[in-house]
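Open the model in your viewer and keep the selection tool ready. This tour goes stop by stop, saying what to select and what is there.

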Amino acid sequence: MRSGPSGMSAPCSVNDMFIDVHVHPAFYEPINGDGCRERMRHETLGIHKNGTAKLEHIFNQMRLAGLDALFLLAQDYCVAEGVVPVTNDEVKQLVDLAPDRFMGFAGVDPHDPGANDKLERAFGDLGLQGLNLHPGRQRFYPMDSCAQRLYDICEAYNRPVMFHAGMSWEPNTLSRYGRPVEFEELAATRPGLRFCLSGFGWPWVEEAAMVMVKYPNVYADTGILHFDSAREFLKRLFTHELAATWVDRSLRHQVMFGSDNPRFEQIRMARMLDQLGLRESTVELIKGSNALEFLNGLE
Amino acid sequence: MIDTTTRTFLTSEYNQFVNITDLVSGAVAESGVREGAVTVISKHTTTGITTNEALECLESDIHEFLAKLIPEDHPYAHARVLKDYGSTAGNPTGHLKSLLMGNHAHFIIRDGEVDKGGAQEIYFCEFDGPSERTIIIQVMGE
């Protein structure tokens, strides 16, 4: 079997890394040896007919998107649904397979009495680099007491939080828990906690922009493609729902590229960043610099 | 006799021509059929199977030709979230290119070999890669 020529991307330095901060590895082949778990993942996440992905395929996808690294997010719904679609140990397993390309985020369910210990272990023993929470699925508001101790641990370890904000396609989700305005008090009371509102908290995009422009510790990612093509939807997001100038002038240090893959299309979304009419320096921030700052801390 | 096999492989590009002539010839040889026919079929809807001359310049021309007929930035109705997949259908161009290219090729087997012209090679056409793809090769004869 022979193939036509293909262009490999050249290696890059840390400064020009392109990072996808929002990737769910639920269907990566190395963690899908058990058919029962794979079926549970399809049902719990509401993603079907996609099969499992060999790491070689993931790397091909990254190369075509121009991506250097991915944040892999664990998902723990042990109280909300009685299952853990992607455990912290599975994320750690994947990170160990490609430590130069994968950065692991822990998942815990805030209503789980063991959540604090799980998170301490994820940061302390497994070396995971952030926390992933889904208020709409796990049924908590960002300021609820069940989540406060988790934020304490994140601050103690200097680890950021990725919140699934706004609409979610997952079953049994309620968007109101992840409405951006619900995060304002968290941003105000914990200025040392960096957190991201995935998908700009769509459809409350202006609300997300309001919280972000007030609080530099609040980030948003681009992981939304609820209608139309990547070209059409992201163009609309960055030119109608948000003025391009808002991002280019005021929010440029707080927006990160995220795809919410495999829900949405990583390659086409990544390619759109260069076509939004933003300054080149802003695009560079969105592609990687902001993600590194989100991960490592504000200067 | 009828001998049916499947082959699964990864494609590495968004649009890609993969020369599968050796795969098909190998399946014919393994079947032991001396006189008959072979069919190769793609199991997918955003791929194609075709026959052409395996030249880099032609691959480029065919890619450009298809891209002009089926541009990426057209407002396709298929660009939307499919609820039964739970994910975006961002691949209308792949479906339309597949429509033009067809999903199979037939060849006659003579003296135990695929009887094809000197310039003919068999291509698996990827139009929504990278992906894992499966083809079926069926050899019929005696």
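**A loop in chain A**

Start with Lys49(A). Lys49(A) sits in the loop that links helix H1 (35-45) and helix H2 (55-65) of chain A. Check its backbone: phi of Lys49(A) is near 65 degrees, a positive value in a residue other than glycine.

Bear in mind that this is a predicted model. Colour chain A by pLDDT. Its mean is 94, and 94% of the residues in chain A reach 70 or more. Now select residues 2-12 of chain A. Here pLDDT stays under 50. For residues 2-12 of chain A the model has 17 contacts beyond four places in sequence.

**The sheet of chain A**

Show the strands of chain A next. In what order do the 8 strands of the open sheet run? The order is S2-S3-S6-S7-S8-S9-S10-S11 (chain A), and the pairing is parallel. Go to the edges, where you find strand S2 (19-23) and S11 of chain A. Each has a single partner strand, so one side of each is left without a neighbour in the sheet.

Zoom in on one pair. Select strand S3 (residues 69-73) and strand S6 (residues 102-107) of chain A: they pair in the parallel sense over 4 bridges. Pick Phe71(A), and then find its bridge partner in S6(A), Met103(A). Helix H3 lies across S3 and S6 of chain A. Its direction is at about 175 degrees to S6(A).

**Two helices side by side**

Select helix H4 (residues 115-124) and helix H6 (residues 145-157) of chain A. They pack at an angle of about 15 degrees, and their axes are 10 Å apart. H4(A) and H6(A) are therefore roughly parallel to each other. Their crossing is right-handed.

Show the side chains where the two helices meet:

- From H4(A), display Ala115(A), Asn116(A), Leu119(A), Glu120(A), Phe123(A) and Gly124(A).
- From H6(A), display Arg149(A), Leu150(A), Ile153(A), Cys154(A) and Tyr157(A).

By class, this contact of H4(A) with H6(A) has 7 nonpolar, 2 polar and 2 charged residues.

**Two cis prolines**

Where is Pro203(A)? Look in the loop between strand S9 (195-197) and helix H8 (205-214) of chain A. The peptide bond from Trp202(A) to Pro203(A) is cis, with omega near 10 degrees.

Move on to Pro262(A). This proline lies in the loop between strand S11 (255-256) and helix H11 (266-272) of chain A. The bond from Asn261(A) to Pro262(A) is cis, with omega near 10 degrees.

**Over to chain B**

The C-alpha atoms of chain B fill a box of roughly 50 × 35 × 20 Å along the principal axes. How many helices and strands does chain B have? Its secondary structure comes to 3 helices and 10 strands. Trace the chain along its sequence to read the pattern β-β-α-β-β-α-β-β-α-β-β-β-β.

Now select the open sheet of 5 strands in chain B. The order is S1-S10-S3-S7-S8, with antiparallel pairing. Strand S1 (2-10) and strand S8 (113-114) of chain B are the edge strands, each pairing on one side only.

For the last stop, keep strand S3 (residues 36-42) and strand S7 (residues 104-110) of chain B. These two strands run antiparallel, joined by 6 bridges. Finish on Val40(B), whose bridge partner in S7(B) is Ala105(B).

Methods: Residues numbered from 1 in each chain as written. Chains lettered and ligands numbered in written order. Predicted model: local features only at pLDDT ≥ 70, side-chain atom pairs only at ≥ 80, totals over all residues. Heavy atoms only, no water. Axes fitted to C-alpha atoms, helices over the stretch in contact; angles between N-to-C directions. Parallel < 35°, antiparallel > 145°, perpendicular 65-115°, else oblique. Left-handed = near helix turned anticlockwise from the far one by under 90°. Contact = heavy atoms within 4.5 Å. Nonpolar A, V, L, I, M, F, W, Y, C, P; charged D, E, K, R; others polar. pLDDT = per-residue confidence, 0-100. Pairing = 2+ DSSP bridges.
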